[in-house]
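We will go stop by stop.

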Amino acid sequence: MRQDDNFFEQVYQVVRQIPEGRVTSYGAIARALGTAGSSRMVGYAMRAAHRANPPIPAHRVVNRIGVLSGKMAFGSPTLMQQLLENEGVTVVDDQVTDFSRVFWDPLSEE
């Protein structure tokens, strides 16, 4: 097992906790893991998320301003937005609207 594999699994454990209809950011996940400077590594983990078992709700992870920066990892440029909208999250021009209202901080919320 590579060291990255363990970090990726830690990321996935946090992502599995994001409630339906909420989103979080790469940086918030990194801070929750005690590795505040590792937002990019969280992004790498999310890019590999399709291999995670059990599956994770990767569509709920956006960048720090609510942009669907990982949308191309979903195989379709609109799938990430569709998945979020199915959960009641509004997205306009690839950005979550009312981001502060739907933002889930893993350090302060259960």
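Predicted model: local features only at pLDDT ≥ 70, side-chain atom pairs only at ≥ 80, totals over all residues.

Residues are numbered from 1 along each chain as its sequence is written, and side-chain values use heavy atoms, with hydrogens and water left out.

**Stop 1: the whole chain**

Show the cartoon. The protein has five helices and four strands. Both are DSSP runs, numbered from the N terminus: helices are H or I with at least four residues, strands are E with at least two. Along the sequence, the pattern reads α-β-α-α-β-α-β-β-α. The radius of gyration is 13 Å, close to the 13 Å that the globule rule gives for 110 residues, so the protein is as compact as a globular protein of that length. That radius is taken over C-alpha atoms, and the rule is 2.2 Å times the number of residues to the power 0.38.

Now switch to the surface. The accessible surface comes to about 6,400 Å², and 48% of that belongs to carbon and sulfur atoms. Areas come from the Shrake-Rupley method with a 1.4 Å probe; for residues, only the protein chains shown count as cover. Of the 110 residues, 42% are buried. Buried means under 20% relative accessible area, exposed over 50%, and partly exposed in between (1.4 Å probe, protein chains only).

**Stop 2: the largest pocket**

The largest pocket holds about 580 Å³ of space. A pocket is an open set of points on a 1 Å grid over the protein atoms alone, where a 1.4 Å probe fits, with protein on both sides within 12 Å along at least five of seven lines; lining residues have an atom within 4 Å of a point. Points are joined across faces, edges and corners, and the volume is the space filled by probe spheres set on them.

Colour H2 (26–32), H3 (39–47) and S2 (61–62): these elements each give two or more residues to the lining. H3 gives the most, with six residues. By class, the lining has 15 nonpolar, nine polar and four charged residues. Ala, Val, Leu, Ile, Met, Phe, Trp, Tyr, Cys and Pro count as nonpolar; Asp, Glu, Lys and Arg as charged; the others, Gly among them, as polar.

**Stop 3: Ile18**

Select Ile18, in the loop between H1 (3–15) and S1 (24–25). Is Ile18 buried or exposed? Ile18 is buried, because its relative accessible area is 2%. What does Ile18 touch, not counting residues up to four places away in sequence? The list is Val23, Thr24, Arg60, Val61 and Trp104. Contact means heavy atoms within 4.5 Å. Arg60 is 42 residues from Ile18 along the chain, with their C-alpha atoms separated by 7.2 Å.

**Stop 4: backbone details**

Go to Pro54, in the loop between H3 and S2. The peptide bond from Asn53 to Pro54 is cis, with omega near 5°.

Finish at Asp93, in the loop between S3 (91–92) and S4 (95–96). Phi of Asp93 is positive, near 50°. Asp93 counts as exposed, at 72% relative accessibility. Asp94 lies in the loop between S3 and S4 too. Phi of Asp94 is also positive, about 65°, but Asp94 is partly exposed, at 25%.
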